[in-house]
Amino acid sequence: MYPIIHTSVLAPTITRLVVRAPYIARKRKAGNFVMVRVDDHGERIPLTLADSDPEGGTITLIIQAVGKTTRLLCSKNAGEFLLDVVGPLGTPTPIGLHGTVVCIGGGVGTAELYPIARALKEGGNTIRTIIGARSRDLVILEEEMRACSDDVFITTDDGSYGRKGFVTDQLRDFLAGPAPVHAVYAIGPLPMMKAVASVTRPSGIATLVSLNTIMVDGTGMCGGCRVTVGGQMRFACVDGPEFDAHQVDFDELMMRNRTYLEFERTADERLHRCRLTGEVRSA
Amino acid sequence: MTRLNPLKPSERMKLLRQLPLEQDPVERAHNFDEVSQGFDIERTTVEAARCLECKEPLCTAGCPVGVDIRAFIQLVLQKDYVGAVNKIREANYLPAICGRVCPQETQCEEVCVLGKKLTPVAIGKLERFVADFEMKHNLFAVPAIAGRRAERVAVVGSGPAGLTCAAELAKMGYGVSIFEALHAVGGVLRYGIPEFRLPKEILDVETERIKALGVEITTNFVVGRTATVDEMLGEWGFSAVFLATGAGTPTFMGIPGESLSGVYSANEFLTRVNLMGAYRFPEYDTPVRLGKRVAVIGGGNTAMDAVRTSRRIGAEKACLVYRRSRQEMPAREEEIHHAEEEGIEFLLLTAPTRILGDAGNCVTGMECQRMTLGEPDESGRRRAVAVEGSEFILEVETVIEAIGQKPNPIVQATTPGLGTGKRGVVSVDERQATSRPGVFAGGDLARGGATVILAMRDGKRAAAEIADWLQSR
């Protein structure tokens, strides 16, 4: 059992959980994720490690409520437990000295971007950050990102904060500007990462993305997370989750990620029904 | 050697091999209850009486872990079932599991003298009976543990190799900790073998008995990630490590259409059902997407498990697509027979060439090719050769690939100096020792895909070798 030490709401549907998991906290590196199972009937879902405190023995998870399991996670309070947390999984981000790195976070993807941007900054890179969100209230970790970036730009779809538009609008401006860009990290919804890849493709700037895929075990056993990268089948859980954006078949992955949509709706409706009784329960 | 059986050998040979009680095929094709109910006490008594009590029993030599089969059958004859199971346990700590999933027909029973002219003694079913008897009547007693030793050994993986190694080392007095990556114990016994062949309750009881020896089990711990092998040997204070992480990484055929929704590796499909309870969605959160028509590719035990599972969770038509003939199938005869009884269609001498999908990325069919058998290949099996122009479309909504697994790469990739061989298996010598001092390996990790009992043999041998190695330092 993994006790929840602290929770905080970052945005209307986005919650931060600080969970006690000392072994994972000691070993976490930027780019790692964990598999989490909330309760005995629960599914295993991958969640990126946003942060960790090796001395305090805690890890930080930032979760957006989009389905049953994430909704349950977001409803948890300090003092409650997660049944299973395993990790740190995935190949950590290679932290090289690139020069100027543009770090792009879309929505809750900013939580996954944060440890990478911080590690890249500590590695001596100049970090130019773009945070994108649908609207102002969904912009998360702005302060944290400012602390590890040389400059931060914000775009919102509705213009309620920062520039009205998409992260790619800001990225195009960077690329057209006088300062060189040596690498791009983009983490967010698949359409956003695909759009970033097409913006940087003509100039060939190294572009890395972190993929969210279907996963059961997270350790290379199921193959549910298979993605086509450069024409080869790769497993996101062990070969990734980060890949060269210019090589990823995003369209295929977007289709694959729709496999369980109907099931997700059924599970979510069940959760809602129980909510009518006043309590959030899994069944 | 006193013979305990009152019957003369000629009388024993007149007794017919007893058949186990089995659930009706039509009924069982829709439930997850165990197919074989094993023997009742009457069948057990008759079957045990068939044993000729050979002076030099071949059966023990045919058993990978060397169970004293004659001795346990004599105890069965005396109705000392607890004595019998304890006799087995001296050589094999998982009798209730082996009595169910061991391929006895190619091991102890294959060499049974009675089998030369008649049918062999049903050793596996007798083993199962005594193990179940002990379990049912709660008669397990923890075996004697040798004097406590100072050294601690880490066992990586809680499948058959890891559990066996842990049990043997614990009996010798060593402190043993098992580290399991998943949230539940058992490895392939948990995520791979379905409930209808090996009930999870049996696995849970056997696991408790390993814990009763003082073995600690930590789940949710991925060696290589949560801690490396070097850290286990260093700051964690273990004197030796036994690696038994199995062969859990699926292989895919590499044909077009494998990314479509509705294509699974057998591992993913079985893990969803067995480990995550997907057949009880939405009571359990993990779904499995299964069409009315399912094709499983392969001819091994995993293919049989996948196709029989798909039938049980609602496939109206479940077929097996195998490129050779029935004779070359690597699956156990009993499993093939059970699959046939349950209405599984066998498309033999057939190989898939591509998987077809619709605009929504969902599987609509699989193009296959007829095959014919040519000359034997390096495995000794006749090579399957495609028949030109024989392509046809099999209409299915789900495709499950069960064409083999290879070792998970995490431990190898994170342990410097650990020698590996073909397909990522960890190289070991005849002592199960790897290229790293103090690091031993066995089971499918070192074999690349074999049976539960061979994994257990490796675990047992490794335990003895680890003890030798620790004492010789």
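## Where chain A meets chain B

Between chain A and chain B there are 3 salt bridges. Keep in mind as you look around that this is a predicted model. The two chains bury about 3800 Å² between them, with 43 residues of chain A and 44 residues of chain B taking part in the contact.

**Polar and charged links**

- One salt bridge to look up joins Lys68(A) and Asp285(B), whose closest N and O atoms lie 2.6 Å apart.
- Polar contacts across the interface of chain A and chain B come to 22 residue pairs, with both residues at pLDDT 80 or more.

**The chain A side**

- Helices that give two or more residues to the side touching chain B are α1 (22-27), α2 (68-74), α8 (250-256) and α9 (261-275) of chain A.
- Strands β7 (84-89) and β15 (232-235) of chain A also give two or more residues each.
- With 6 residues, β7(A) gives the most to this side.
- By residue type, the side of chain A that touches chain B holds 18 nonpolar, 12 polar and 13 charged residues.
- Of the area buried between chain A and chain B, 56% is on carbon and sulfur atoms.

**A helix within chain B**

- Helix α3 of chain B covers residues 41-49, and its buried residues are Thr44(B), Glu47(B), Ala48(B) and Ala49(B).
- Those buried residues of α3(B) pack against four helices of chain B, namely α1 (9-12), α5 (69-77), α6 (81-91) and α10 (123-136).

How values were computed:
Residues are numbered from 1 along each chain as its sequence is written. Chains are lettered from A and ligands numbered from 1 in the order in which they are written. This is a predicted model: local features need pLDDT of at least 70, side-chain atom pairs count only at pLDDT 80 or more; totals for chains, interfaces and linings use all residues. Side-chain values use heavy atoms; hydrogens and water are left out. Contact means heavy atoms within 4.5 Å. Buried area is the accessible area (1.4 Å probe) that two parts lose on being put together, summed over both. A salt bridge is a side-chain nitrogen of Lys or Arg within 4 Å of a carboxyl oxygen of Asp or Glu. A polar contact is a pair of N or O atoms within 3.5 Å; within protein, one must be able to donate a hydrogen and the other to accept it, and residues adjacent in sequence count only if both atoms are side-chain atoms. Ala, Val, Leu, Ile, Met, Phe, Trp, Tyr, Cys and Pro count as nonpolar, Asp, Glu, Lys and Arg as charged, and the others, Gly among them, as polar. Buried means under 20% relative accessible area, exposed over 50%, partly exposed in between (1.4 Å probe, protein chains only).
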